[in-house]
Amino acid sequence: MDNQELGRRRFLGYVLAASTLTVAAQLGEGADRADAAVPSLPEPADLYDLNDLLTDAALPTANLITITLNPDGTASFALPRAEVGQGITTSTAMIIAEELDLPLDKVHVSLADARPELLFNQLTGGSNTTISTYTPIRVAAATARHRLLEAAAAELGAPLAALSVLQGVITAADGRSLSYAELAVKAGSLTDLQVSVTLKPASAFTVIGTPQNRIDALEAVTGRKQFAMDVQVPGAMPAMICRPPTINGTVVAVQNLAAVRAMPGITDVAVVSTGVAVRGRTFGQCIDAVRALQVSWGPGSEDRASDATVLAELRAAENPLVTPPLPLLTAAVDARFTFHFASNSALETNCAVADVRPGSAEIWASVKAPLVAQAEVAARLGLPVGAVTVHVTQGGGSFGRKLFHDAALEAAEVSQAMGKPVRLMWHRTDDFRHGRVHPMSTSRVRATYSLGQVLTMDQRHTSVATEFGHGLGDAITALAAKLPVGGLTFAETIFSLTQQTPYNFGVTTQLLTEVDNGFHTGSMRNIYSPNVRCAQELVVDRLAAAMGQDAYRFRRRFLKDPRAVAVLDKVAQVGNWGRAMAPGTGQGIALHPEYHGFVAVLAEIDCTPATVNRQVPDAVTGPRVTKVVCAVDVGLAVNPKGLEAQMTGGIMDAIAVTLTSSLHLAGGTFQEGSWDNYFYTRQWNTPPELEIIVMPPTTGTPGGAGELAVAGAMAAVACAYGRATGTMPTSFPVNHDAPPAFTPLPTVPPVPQSPTDGISRAY
Amino acid sequence: MPQHTFTLNGEQVTVDVEDDVRLLWVLRDILGVTGPKYGCGLGVCQACTSHLNGKAVNLCCVPVGRLKATDQVTTIEGLPATVGKPLHPMQEAWLEQDVPQCGYCQPGQIMTAVAKVLQARAAGHQLTDADFDQIRNICRCGTYHRIREAILSAQDKF
């Protein structure tokens, strides 16, 4: 053991009794304090029966994450998180490869089934995966490496200190060597053992911090990557739901059940809690059946609601900004912003496979809170939690959507009602109209300034309620007494734990008020931050202008953290901040701190008529973001290439929510029903120039990345739009109130028929 | 029930199914070919894009009854064989640029990209901004920039 190692902190790992080397570490142990929004909390909650807890806690592997070294020299690890495109299977494989000294392609990472004994430590959210799992996974891998070295020392008759490890091969001083494959079984243990290990110093890293391609890229580009609807479960035939014309509408009566049951391919039709379920040989025939159903619908929960009524409700609920009389020489900037409903629909619609039998159930779905899914499915079916198995499949995007498991619950109910396995999938139109939405909100911001200083900044955010019934809520509730905020509601707690002002603006307050629980809501690649930051950064631009200062230098002067200054400087320099811009075009610059990281974004936008009026069929072209430069510091980027991808995706989301994509509510239903109605960023909106700069490690520990870029980029694009047009935007997306760019699809029948003209449109 | 015969990824297949069932469901639900994805069923998102006789089509918009026995359907699974390689150069470019994130749209993106390159080549030009504006495939992860880079790097390689 060298001196450097002596000085390093030791961690406890475990060698488990198994036929091949199997190592483990306590999830949560030794990890840095998890991101405040998602504490790792091994405490029981009422969604999990105490008896189940006691039984599972008695298992020798309770709360452990386990790496298995296979006899072929590869390592396997089941990650207790959901991969939905954010790249955590790749970064996890990198962490294992690093600490185990094994080539990356010999590390296999799969997704763990729901493991109730992990309690709240199986939730994917709040960009928390790498923050919470980084150290435990390293400890497990280091334990395996240590055990392999011990086995090699015994086999080779050489002192452990004289052995070296490279790429899964252990070599003695005399040149004799053994591979991990040769040692995997010998290094196994007949009993559970505790082992004390140290971790590699960052200076010895050869994998962590290097750009790596995704480990599942080959499967993705060959079509072999399996999503929930690709899993072949015997007898699980396609199923769909005929849904109500308005949100939360209910089935009163079905006029033609028998006729629909007799339609080609259809095997079953059943009324369930969310509508009328059909099961058939193909999804196409399910669509036909859904369209043929004649249903009398009862009213929904928001039948009289429209954008205007919800906005009025928000305005009425706004927490007043009380203005004390301003002292002499003090002035104020005052602004109000509106953020419309938006959809977190992924490209993979809500879907799940369910096989419910008498006394047991098995679910396959991409869910980020599998423990809550398991508990709720059990409750819905009247089964004990232990009788429900939840397999976490690869997810086709999430953006907040898969924190909920609406389709898993529905599939379970339908399978039980029909007594048959089902492969349930939502139609795209349903996914927009009945799926989760990001709530409409308003943000009022007031800042006062005097003699070159900002004295106060107050922000009052008022929002349609965000649902948190997915486990995050239970984790926070259980921890409430220990949180540094007392007496707040759950949503207010989340708000206060996630929203921050990166600037020294004197007395700063940010408060949340919520209204209206009649909508299906959820977070959308961030809960509040994009809207809150966008409002605040627009006011920062106003303050800078009012105080006669450059927007970049003004921000720089007031920033609290040197890491924030560094990313801001980087984008200003690389993006050529302040360069002469043609009329109708402009730059914007903004900063966002969150998840133990900082991101700065410089955006350029073209709002000239020639660009805004560009014609693409069935599209909103509008202002074009022509250049984005983004600098990101997450403390330590495990995989800089994956981090770049996350920043890029966040920027595309930000462009959409700033300029083009929103839901229009009218008569209790959202009007959008297709991707040609809901204008998410497309090729024609993509910035021609895009540069992501990953900053060198600063803190040495990884921060969160999945959501970080959206807020910074939204603010930068909005600020650029304000500068290009000469008018600060106050309603988002900016085209929301323009004449509709599409004709809404009918609500009865709830889904449109597929076109038949594919061949004539071939190219 | 009507029988339909066509060539799928180089092999002749015959299925018993009603004429109006769209090819996407025939492939996914009956033949178990799951590379083409469902994203809308409306010919909008392009996630099911595959090739019919070498041209890009949305499988969700093609009733199986419209196929002739001589028709060649190629999905992402059959794309490499069209160039006689383990991977099509477009797939190689996708790997080089590390394009995919969740990967759900990528089979459709790649099939679209190959068809757009061939279409431009037949018209005697390289891909232009106007061609990219015609690529309608949704990528909700926002990989558009890398898709662009990958197509530009692969367009002369097949």
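Predicted model: local features only at pLDDT ≥ 70, side-chain atom pairs only at ≥ 80, totals over all residues.
Student: How do you know that chain A agrees with a compact globule?

Tutor: Set the value against the rule: a compact globule of 763 residues would have a radius of gyration near 27 Å, and chain A has 27 Å, so the two agree. Its C-alpha trace spans about 80 × 75 × 60 Å along the principal axes. Buried residues make up 57% of chain A. Among its contacts with a separation of 6 or more, 81% join residues 24 or more positions apart.

Student: And what makes chain B agree with the globule rule?

Tutor: The reasoning runs the same way: 158 residues would give a compact globule a radius of gyration near 15 Å, and chain B has 15 Å, which agrees. The box around its C-alpha atoms is roughly 45 × 30 × 25 Å along the principal axes. In chain B, 59% of the residues count as buried, and 61% of contacts between residues at least 6 apart in sequence join residues at least 24 apart.

Student: How many helices and strands does each chain have?

Tutor: Chain A has 20 helices and 31 strands. Chain B has five helices and five strands, and along the sequence they follow the pattern β-β-α-β-β-β-α-α-α-α.

Student: What does UniProt list for residues 222–301 of chain A?

Tutor: An unreviewed UniProt entry gives "domain: Aldehyde oxidase/xanthine dehydrogenase a/b hammerhead" for that range. In the model, residues 222–301 of chain A are 20% helix and 35% strand, and the C-alpha atoms at the ends are 44 Å apart.

Student: Why is A:V657 called buried?

Tutor: The cut-off is 20 or more other C-beta atoms within 10 Å. A:V657 has 28 C-beta neighbours inside 10 Å, so it counts as buried. This residue lies in helix α19 of chain A. Leaving out residues up to four places away in sequence, A:V657 touches A:A342, A:P530, A:M714, A:F732 and A:P733.

Student: Which residues have the most contacts inside the largest nonpolar core?

Tutor: They are A:A352, A:I363, A:C630, A:V632, A:A713 and A:V717, in a core of 267 residues. Helix α20 of chain A, residues 708–725, gives this core its largest share, 14 residues. For a view of one of the named residues, look at A:A352: beyond four places in sequence, its contacts include A:A228, A:I363, A:W364 and A:L424.

Student: How many residues does each chain bring to the contact between them?

Tutor: Chain A brings 60 residues and chain B brings 56 residues. On chain A, α6 (217–222), α8 (283–292) and α19 (640–660) each supply at least two residues of the side touching chain B. The largest share of that side, six residues, comes from α19(A). Sorted by class, the side of chain A that touches chain B has 26 nonpolar, 22 polar and 12 charged residues.

Student: What makes helix α1 of chain B mostly covered?

Tutor: Count the buried positions: seven of the eight residues in α1(B), which covers residues 23–30, are buried. The seven are B:L23, B:L24, B:W25, B:V26, B:L27, B:R28 and B:D29.

Student: Which elements do the buried residues of α1(B) pack against?

Tutor: Both chains take part: β10 (237–242) and α8 of chain A, together with β2 (11–16) of chain B. Follow the backbone just past α1(B) and you reach B:G32, which takes a positive phi of about 70°.

How values were computed. Residues numbered from 1 in each chain as written. Chains lettered and ligands numbered in written order. UniProt positions renumbered as here; feature names shortened; annotations may be inferred. Helix = DSSP H or I, 4+ residues; strand = E, 2+ residues; numbered from the N terminus. Rg over C-alpha atoms; globule rule 2.2 N^0.38 Å. Buried ≥ 20, exposed ≤ 12 C-beta atoms within 10 Å, placed from the backbone. Contact = placed C-beta atoms within 7 Å. Core = buried A, V, L, I, M, F, W, Y, C linked by C-beta atoms within 7 Å. Nonpolar A, V, L, I, M, F, W, Y, C, P; charged D, E, K, R; others polar.
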